Amino acid sequence: MIQLQHVSKWVTTGNVRTFLLKDINLEIKQGEFVSIMGPSGSGKSTLLNVIGMLDDADEGVYTFMEDDVFKLKEKQRGELHKHHIGFVFQAYHLIDELTVYENIETPLLYQSIKTSERQAIVADIIDRFNIVGKKDLFPPQLSGGQQQLVGIARALVAKPKLILADEPTGNLNSKQGEEIMQLFKQLNEEEGVTIVQVTHSEKNAAYGTRIINLLDGRIV
Amino acid sequence: MWRHYIKTAWRNITRNRATTLINLFGLSVALVAFIFIALWVQNELSFDSYHKDAKDILPPANVFLKQSDEQPMNGNKLLYHWENLLNKAPGIEDGATRILPQNFSGTVLNIHNQLFAEKSCAYVDDNWFNMFHYDLLYGDIKSFYANPFSIALTESKAKKYFGDDKKALGQFIKIDSNTYQIKAILKDNPANSSFQSDILIPLSAYLSNPSNYKNDYGWNNFNYLTFIKISPNANPANIERAAKNIFAQNKKDSTITLSIEPLTQWHFDNRSSISSMIGTRHGNRSSLYIFSILGFLLLFIASINYVNLTVARTNARTKEIGIRKIIGGSRMQLFMQFLAESLLFCSIVLAISFIVARLALPIFNNVTERQFTLSLSSLVVWKTLLGTLVLLVLLNGIYPALIIAGFNPINFLQGKSILKFKNVFLRKSLVVVQFVIAMVFIVGALVITLQIRYIQRSGTSYNRGQVVSFQFPFQTLKQYNYFNFDKDKISAYMQVIKNDMLKNNSVQDVELANASIDNINSWSSGGWDWKGRAKDFNPQVARFVVDAGTKDMFNIQLKEGRWFRNDNSDKHNYILNETAVKVFGIKEPVIGQYFSRSGDTGQIIGVTKDFAFKSMHEKITPMAIYTHEIKATFFVKIAAGKIPEAMKTIEATWKKFVPDAPFEYQFMNQAFDNLYKDDLTVSKLVLLFSCISIIISALGLLGLAAFVAEQRTKEIGIRKVFGASVRGITLLLSKDFVKLVIIGIVIAMPVAWWAANKWLNNFAYKIHLSWWIFLLAGILVLLIAFLTISFQTIRAARANPVKSLKTE
């Protein structure tokens with residue numbers, strides 16, 4: 001599904017080139033649950049953003065489901081990203097001006113899915129995540145765990161093949177964190193969703209099927 | 001999708017109350033002004049165009065004395081004999097029509113034995129209603145013409161005199177000794193009509209009086225207005241030439257010329273004073289343009305606020321925008337969302353402005369003296385509103401939406417905000433533009449105020465609020481057959497009236513003159529003579545016929561010589577003004593020299609200092625003051641605090657001597673303001689606009705200062721931790737803004753100077769544009785700007801640094 005070949009990314013300050021990612025070679029197959037680990041500044045989030053097509057690399061080839069991502073036009077890349085990738089963040093990143101229901105609904109709006117179908121999908125996922133009672137609340141009215149649940153529901157609503165999660169439990173207490181990780185595991189095993197997560201915690205990494213360790217932008 | 005856009009937009013609008021209020025207020029105020037200006041401009045440009053084939057109707061509007069183009073005659077009589085023209089110049093399709101307005105003297109209506117002075121009566125000939133469009137409400141035009149003693153009147157006059165427009169039909173009105181029946185009720189004259197006569201009577205009724213007929217059917221009467229209608233393919237130049245020839249042949253004794261132009265352009269031809277005959281004013285193209293520009297400028301500076309604050313606000317919305325992009329929102333979708341937000345906001349602004357404009361319409365009508373309507377059933381109103389909405393959205397929505405749509409979400413994830421350096425430059429420029437405009441407005445307001453004050457002090461100085469004037473009607477004088485034009489007899493009669501008023505101690509003084517000292521519009525050329533006059537030198541001389549007591553009442557200052565004695569000894573003597581002495585070239589010693597008017601010979605006994613006896617738009621011209629001539633305008637000086645009592649006395653006198661006409665009077669301060677009505681209106685509007693523009697600019701600055709303070713919270717926190725004082729930080733934050741305002745002021749100076757000069761050129765007598773006006777305006781702008789900014793900066797500077805650093 002995902003294939004990175006000799007991918008590098010750097011910033012230049014003066015004459016000094018600092019590598020954020022250096023010569024990354026990585027393959028992730030459909031249905032995998034990969035955890036990326038490493039100390040702060042090792043390039044975990046950058047790698048995740050490159051995979052999520054939010055960021056470019058300076059060198060190398062990135063193939064996503066047979067498309068050469070770096071060579072696509074912005075619009076085509078947008079389409080790929082919109083239909084196949086869902087994001088989950090440490091800080092949840094819900095839109096505060098929208099209710100729970102509307103937050104979950106928004107990705108479908110951007111895909112121009114018809115109202116009736118959209119309502120069915122959203123109702124279904126709200127039901128499944130057990131947040132029916134919260135659907136008309138605004139994000140700041142929810143606890144961290146609940147917000148992250150909404151964040152995951154939003155990432156899943158458009159039925160993506162790939163979920164990218166940047167420290168999804170980083171802001172949660174251990175019990176909430178465990179619940180979220182259970183949910184990821186379940187999604188991966190029962191629905192075959194490919195998951196790539198960035199994490200600091202060995203325990204969380206253990207939920208996955210594979211661990212990739214990064215140090216100074218390189219896979220070790 | 002649209003529902004989603006609108007919903008989000010609505011939540012954003014309601015959430016950020018401060019920003020929303022600044023924007024709502026600024027835009028709405030500007031838009032109300034814009035709507036009014038648009039109404040006015042639209043109305044001016046559509047003048048008289050509602051008549052069928054309006055462009056083919058030609059009023060031979062201008063009859064000029066060749067000697068001086070500055071003195072147009074009132075109306076013309078030429079095409080009274082339009083049949084002559086028909087043979088000479090083919091193409092006059094539906095012939096001609098005439099109107100004989102009665103505005104000048106007014107008409108006294110007797111309705112159920114109550115008297116009303118009506119200034120908007122006119123006689124119209126048989127072709128009038130064929131040529132001009134009127135909406136008939138009740139009755140019919142045919143029966144109006146069937147009997148000469150008929151009346152057609154507008155609904156508002158019908159309501160005024162009979163309480164109900166429908167019931168007025170068939171009622172009777174007595175004018176002089178004739179009784180007229182109301183045969184038609186017309187819809188009120190539209191605001192964009194040059195014809196504002198409310199009461200129309202068939203011309204045949206007027207001409208049925210043999211003496212009227214004899215007097216009018218010649219070439220010496222200029223009281224009629226004639227309109228001809230030409231066929232679309234006729235050449236107006238031919239007709240004009242033919243008309244000129246006919247006139248030259250028939251009126252050999254004069255040097256009058258004539259020109260014709262389409263009715264639709266008549267409104268803007270302010271060379272002639274015909275307008276005063278039919279109750280409307282001529283338009284002024286340059287003020288039309290100026291106010292259009294002002295309207296757009298106001299809208300523009302209010303839009304700058306919106307753009308600046310919206311772009312500033314997007315920083316706070318970086319998160320929302322970033323997330324929307326990450327979860328699949330495309331560039332186009334985000335662009336549309338923010339455009340929808342502008343659209344919603346502008347629609348709200350438009351709705352509020354429309355309501356406010358509706359409520360304020362009577363005030364606007366009052367200031368402009370027009371009858372505008374703002375009804376949602378009018379197509380024009382909808383066109384204007386929709387046009388404005390599109391303009392607003394274009395001005396306000398596009399730029400922020402573009403910035404937002406182009407945002408790369410990775411910046412959000414990396415903690416960067418949307419605004420980059422280049423945007424800051426643009427926003428700074430916009431603030432500068434705002435203050436340029438505000439500065440120009442303020443200089444404008446100052447200059448206009450000073451000029452108006454200068455005007456008010458430049459006539460003779462007397463307490464205008466304590467002097468009331470009224471005119472003894474010529475109709476009444478006529479009854480006495482003008483005492484055979486015996487000046488002494490008339491004068492004696494007037495003295496009796498004078499004494500009757502003076503009996504009451506609330507009346508301090510009563511004087512007679514031929515005209516008000518503030519507006520002497522009686523003049524003549526020829527017949528004047530003095531020592532050393534060249535044979536062919538016949539300048540125009542203003543005539544001021546006075547009583548001996550006039551000097552004290554109006555506080556006339558003498559330069560040399562003496563004033564008239566209060567007996568008959570100065571019967572043939574004259575007083576001139578300084579300009580007259582200069583223009584006539586009278587050599588020293590002036591006093592005692594020979595002076596003559598149409599053979600009435602005496603000497604010059606005094607010279608007055610020059611004072612403005614006409615509007616200050618016109619130069620002071622030579623004036624001769626004398627006593628021995630018919631004068632019928634009374635000036636009554638009222639004792640302080642006794643106005644009600646005095647008015648009762650005056651009215652009682654009036655009733656005694658003039659029982660058959662209603663009492664009409666005017667205080668001199670009202671009359672004076674009337675003289676400068678247009679200038680006063682302009683000054684009020686510019687003052688209002690400059691207040692609006694400075695408020696809007698200040699609000700924009702306030703919003704921007706708040707935004708910058710918020711953006712620099714961290715910096716302020718760190719500086720405070722390292723020991724910066726509140727004062728130091730306030731200065732630091734204010735410095736940038738003050739710089740912008742100063743740049744704006746500097747740029748505005750030459751623009752303001754140019755505009756002020758241009759306006760002052762309308763006056764023959766004007767203030768000097770001194771540097772301190774600009775300095776004062778600059779200081780004022782700077783002060784307002786500084787106060788506005790400090791409000792925000794001091795607050796930011798005093799904030800607790802621990803808090804701000806923690807939230808970072």
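Start your tour by selecting B:Arg317, B:Glu320, B:Arg324 and B:Glu341, which a network of salt bridges links together. A salt bridge here is a side-chain nitrogen of Lys or Arg within 4 Å of a carboxyl oxygen of Asp or Glu. Over all chains, the whole structure holds 34 salt bridges.

A word on what you are viewing: this is a predicted model, in which local features need pLDDT of at least 70, side-chain atom pairs count only at pLDDT 80 or more, and totals for chains, interfaces and linings use all residues. Residues are numbered from 1 along each chain as its sequence is written, chains are lettered from A and ligands numbered from 1 in the order in which they are written, and side-chain values use heavy atoms, with hydrogens and water left out.

Next, select A:Glu74 and B:Arg331, whose side chains meet in a salt bridge (3.8 Å, N to O). A:Glu74 lies in helix 2 of chain A and B:Arg331 in helix 14 of chain B, so this pair joins two chains. (Helices are DSSP runs of H or I with at least four residues, strands are runs of E with at least two, both numbered from the N terminus.) A:Glu74 is exposed at 54% relative accessible area, while B:Arg331 is partly exposed at 43%. Buried means under 20%, exposed over 50%, and partly exposed in between (1.4 Å probe, protein chains only).

Now move to B:Asp518 and B:Arg464, a salt bridge with its closest N and O atoms 2.8 Å apart. The two residues sit in loops of chain B, 54 residues apart. B:Asp518 is buried at 4%, and B:Arg464 is buried at 10%.

Last stop: B:Arg562 and B:Asp570 form a salt bridge at 2.9 Å. Here B:Arg562 is partly exposed at 27%, whereas B:Asp570 is buried at 2%.
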